[in-house]
Amino acid sequence: MSQPTVDAYPDVAGIVAAASAFVRFRPGLCTLRVAGRSREGRPLYVLTVGHDRPRVRNILVVAGAHADERIGGASAMRIAERVARDPHLHAGAGAAWHFVLCLDPDGALRTEDGPAVRRTPAAHFRHAYRPPADEQPEWAPSIRPAHDPLPESEALLTLIDELRPVLQCSLHGNDIGGAWAQVTRELPGLAETLGTVCAERDVPVQTGTYDALYWRATGPGVYAMPAPGERSQFDSLPEDVAGSTWIRPHAYGGMTALFEVPMWASAGIADPAPHPDPGRALATAAARLRDQTRTTAALLDRARPYAGDPQLLRITEGLIAMAPQVAEEWEALDAAPPVPLTRAHVAALDIAARRMPLRAAGTLRRLVPARGALAEEADRLLRAWSADLTTAHATRWLPVPTQVDVQSESVLATARLLLS
């Protein structure tokens, strides 16, 4: 399965089955093992390509850290196949590659509910499942108390300690936007490489991003982690990169690179021109966020008698509670931005402000009975808000094979830069 042959994401079971077959046809070069188990007891599979020998340079690729970002597993298998076919990427480079096929299989199973083929934006938010930050394996160590770790986080940290990777690659995806990378240490040449990969596939490079607004841009679409003590994110975000699993390879002289690829591309997030009036645009986004959040909160009040899933209720309540702080941060940003705000920055912030109520409404939709007035109202909000988002940002669907191609080629190019 070098690439999906249809425009659909493979499920986790399919990825594991493909990895099992892959290993059977490459005895001696590839192995598949279980490196731990999830909270619900599901195995965390690790596929290895390459030989264990003295002074081997290990590369760790982590897929499925966020349950609603489904591209990582297919990308991991594509990379594994490329590495297995090219000895220059393993034996010739003195390297071995290790692939966590899905770090959050419990969450992935929830996201796989619904249509397996390409979804509309409304259907995406209706079925996508994203746990709270303290239950996301990469972020959880920075939030949870030491006596209550996630087993998925512990398994990943143990694997990092075992492998001491020179490079950890974390495979992520975004709903709407472009491709970009975040690195915990600067890697010269990465921006040029990412630009070439994206240009050849007509995918925009995201030069403004909500996630990394406070990170240092080392080139178009590549953001380097701030120095210790410097601000790294918005106050409304509970996680802290300095306490995440991304930092663990630093103990062994390694680094982490995170690769984002969009489901729907939007050219606006690649526009480096200065925004003519960022204050007004951000105030409009903040007002819309407050209004849509109030609408969602009112619907949640009506839905509470039917809310039988405490996890979904917690997620919905958390998004509703977070929104006012986000709105305040957006309104204050124009007065003291960390960087001059371009059209790309404002577009990314507007997408983030529109996405939050959509995630809340989509999660709420799963709380209510399948039919009835509450379900109809939640579906109406999802359709209307998704249509507004896709119209405002002129989105176009990126076929799954294209998403896989961009992400896998970006990882391979990064490894070549580091290994050379």
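Which residues of α7 are buried? In this predicted model, the buried residues of α7 are P278, L282, A285, A286, R288, L289, Q292, T293, T296, L299, L300 and A303.

## Helix α7

## Helix α10

An α-helix has 3.6 residues a turn, so residues three or four places apart point the same way. After α10 comes A394, which has a positive phi, near 45°.

## Nonpolar cores

The largest nonpolar core contains 112 residues, of which L47, V49, W97, F99 and W330 touch the most other members. Helix α9 supplies the largest share of this core, with 13 residues. Another core, of 10 residues, lies apart from it and has V62, L103, L156 and L159 among its members.

The surroundings of F99 illustrate the contacts within this part of the structure. Neighbours within four places in sequence aside, F99 is in contact with Y45, V46, L47, V49, V61, A76, I79 and A80. One of these partners, L47, is listed with F99 among the core residues that touch the most other members.

## Cysteines

How many disulfides does a search of the whole structure find? The search finds 0 disulfides. For C30, which is in no disulfide, the nearest cysteine sulfur is that of C169, 18 Å away. C169 is likewise in no disulfide, and the sulfur of C198, the nearest to it from a cysteine, is 15 Å away.

C30 counts as buried because its relative accessibility is 3%. C169 is also buried, with a relative accessible area of 0%.

## Two buried loop residues

D68 is found in the loop between β3 (57-62) and α2 (72-85). Its relative accessibility is 5%, so D68 counts as buried. Not counting residues up to four places away in sequence, D68 touches T111, H124, A128, Y129, R130 and R359. D68 and D334 are 266 residues apart along the chain, and their C-alpha atoms are separated by 31 Å.

H90 belongs to the loop between α2 and β4 (95-100). Is H90 buried or exposed? H90 is buried, with a relative accessible area of 7%. A polar atom of the H90 side chain lies 3.5 Å from the backbone oxygen of V83. When neighbours within four places in sequence are left aside, the contacts of H90 are L29, G50, R53, V83, A84 and A95.

## Two exposed loop residues

R55 is not a glycine, yet R55 has a positive phi of about 60°. This residue is placed in the loop between β2 (43-49) and β3. R55 counts as exposed because its relative accessibility is 79%.

R164 is not a glycine either, and R164 has a positive phi of about 50°. The loop that holds R164 runs between α5 (151-163) and β5 (167-171). At 53% relative accessibility, R164 counts as exposed, since the cut-off for exposed is over 50%.

Terms used. Residues are numbered from 1 along each chain as its sequence is written. This is a predicted model: local features need pLDDT of at least 70, side-chain atom pairs count only at pLDDT 80 or more; totals for chains, interfaces and linings use all residues. Side-chain values use heavy atoms; hydrogens and water are left out. Helices (H or I, at least four residues) and strands (E, at least two) are DSSP runs, numbered from the N terminus. A disulfide is a pair of cysteine sulfur atoms within 2.5 Å. Buried means under 20% relative accessible area, exposed over 50%, partly exposed in between (1.4 Å probe, protein chains only). A nonpolar core is a set of buried Ala, Val, Leu, Ile, Met, Phe, Trp, Tyr and Cys residues joined through side-chain atoms within 4.5 Å. Contact means heavy atoms within 4.5 Å. A polar contact is a pair of N or O atoms within 3.5 Å; within protein, one must be able to donate a hydrogen and the other to accept it, and residues adjacent in sequence count only if both atoms are side-chain atoms.
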